[in-house]
Amino acid sequence: MTIETLSTNRSFGGIQGVYKHASAATGTDMTFSVFVPPEAEAGKTMPVVWYLSGLTCTHANVTEKGEFRRACAELGLIFVAPDTSPRGEGVPDDPNGAYDFGLGAGFYVDATEEPYAANYRMYSYIVEELPDLIAAHFPVDMSAQAITGHSMGGHGALTIALKNPARFRSVSAFAPIASPLRCPWGEKALTGYVGPDRTAWRAYDATALIEDGARVPDILVDQGDADTFLTGQLKPELLAEAAEKAGIPLTLRLQPGYDHSYYFISTFMDDHLRWHAKRLKG
């Protein structure tokens, strides 16, 4: 469980680091970033917020553009941002080089279909391997975990929280893929990674998980109404309908004029971190 430090920078009194390790789950080197607030220097352990990124992204997108460090330093939150897929020589990609499958598009599933099954085990990486690594190297209070994410990462955050409700005290999402079962991105990814049996896809669909009985205390979702993917790919109304039927309090905020970019995410990041902090420390 060794890690290699790629970079560290002082920010808002804390340390923003980028690290690499050899992953047993993916069979590749994996890179991730961690922001540790200044309170850690006093020997304190702190709650952790996991942030899962979207299609085409790495750890770097939110690390460089997410504008989370000021709030994390104030609130005493460790912020962890992993990559979105395995990478490296021999890792299979989309055969046509498309952006929505393969490298940068792991969808936070454990693939069962060849040639992806050996490396594309992002669910196990996020849920099992990376938390153990973080706990071994950073001053985290593993009894106080929250998870959030954007787009494909919002899908990942919701599904992982719904499948592990005892681990996460809170879950939120920015423009999540609400039901991969019912959108082109999801249909392509789940067919390629999990196979043609659509019943197996339900384990990786937040709306379906809620329909099948999964529960969390509440959910916060922000969605821009100028997001070009809103109607065809994201479909937050499906999540809202399932949550209402299940009695899960869902705060779904449709933000006027905002698109799918990090201009949108960074605008509402502070709100999400404060929402998580209340649940992590309450």
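1. E1 and strand E2 (residues 14–22) pair in the antiparallel sense, over seven bridges. Strands pair if DSSP finds at least two bridges between them. Helices (H or I, at least four residues) and strands (E, at least two) are DSSP runs, numbered from the N terminus. Within this pair, Glu-4 stands opposite Lys-20 in E2.

2. A word on the model. It is predicted: local features need pLDDT of at least 70, side-chain atom pairs count only at pLDDT 80 or more, and totals for chains, interfaces and linings use all residues. Residues are numbered from 1 along each chain as its sequence is written, and side-chain values use heavy atoms, with hydrogens and water left out.

3. The sheet is open and has nine strands, in the order E1-E2-E3-E5-E4-E6-E7-E8-E9. Its pairing is mixed. Strand E1 (4–11) and strand E9 (250–255) are the edge strands, each pairing on one side only. From one strand to the next, the twist averages 20°. Angles run from 0 to 180 degrees between N-to-C directions; axes are lines fitted to C-alpha atoms, for helices over the stretch in contact.

4. Two helices on the sheet deserve a look. Helix H3 (residues 122–137) packs on the sheet and touches E2, strand E3 (29–36), strand E4 (46–52), strand E5 (78–82) and strand E6 (140–149). The direction of H3 makes about 55° with that of E3. Helix H9 (residues 236–246) also packs on the sheet, touching strand E8 (219–224) and E9. The direction of H9 makes about 155° with that of E9. Contact here means heavy atoms within 4.5 Å.

5. Next, E6 and its partners. Seven of the ten residues of E6 are buried, so E6 is largely enclosed by the rest of the structure. Buried means under 20% relative accessible area, exposed over 50%, and partly exposed in between (1.4 Å probe, protein chains only). E4 and E6 run parallel, joined by six bridges. Met-46 has Val-140 in E6 as its bridge partner. E6 also runs parallel to strand E7 (residues 168–174), through three bridges. There, Ile-147 has Val-171 in E7 as its bridge partner. E7 is mostly covered, with six of its seven residues buried.

6. The largest pocket holds about 180 Å³ of space. It is lined by 14 residues; closest to its centre are Leu-55, Thr-56, Cys-57, His-150 and His-260. By class, the lining has six nonpolar, seven polar and one charged residues. Ala, Val, Leu, Ile, Met, Phe, Trp, Tyr, Cys and Pro count as nonpolar, Asp, Glu, Lys and Arg as charged, and the others, Gly among them, as polar. The search uses a 1 Å grid over the protein atoms alone: a pocket is an open set of points where a 1.4 Å probe fits, with protein on both sides within 12 Å along at least five of seven lines, and lining residues have an atom within 4 Å of a point. Grid points are joined across faces, edges and corners, and the volume is the space filled by probe spheres set on the points.

7. Ser-53 sits in the loop between E4 and helix H1 (59–65). Ser-53 is buried, at a relative accessible area of 0%. Beyond its neighbours within four places in sequence, Ser-53 contacts residues including Thr-84, Tyr-108, His-150 and Tyr-262.

8. Ser-151 belongs to the loop between E6 and helix H4 (152–163). Ser-151 counts as buried, at 2% relative accessibility. Residues up to four places away in sequence aside, Ser-151 touches Gly-54, Trp-185, Leu-234 and His-260, among others.

9. Arg-87 lies in the loop between E5 and H3. Its relative accessibility is 28%, so Arg-87 counts as partly exposed. Not counting residues up to four places away in sequence, Arg-87 touches Thr-28, Asp-29, Cys-57, Thr-58, Leu-103 and Gly-104. Arg-87 and Ser-172 are 85 residues apart in sequence and 27 Å apart in space, C-alpha to C-alpha.

10. Most residues other than glycine have a negative phi, and most peptide bonds are trans. Phe-107 has a positive phi of about 60°. Tyr-108, in that loop between E5 and H3, has phi near 55°. Phe-107 is buried at 0% relative accessible area, and Tyr-108 is buried at 0% relative accessibility. The peptide bond from Glu-114 to Pro-115 is cis, with omega near 5°. Pro-115 also lies in the loop between E5 and H3.
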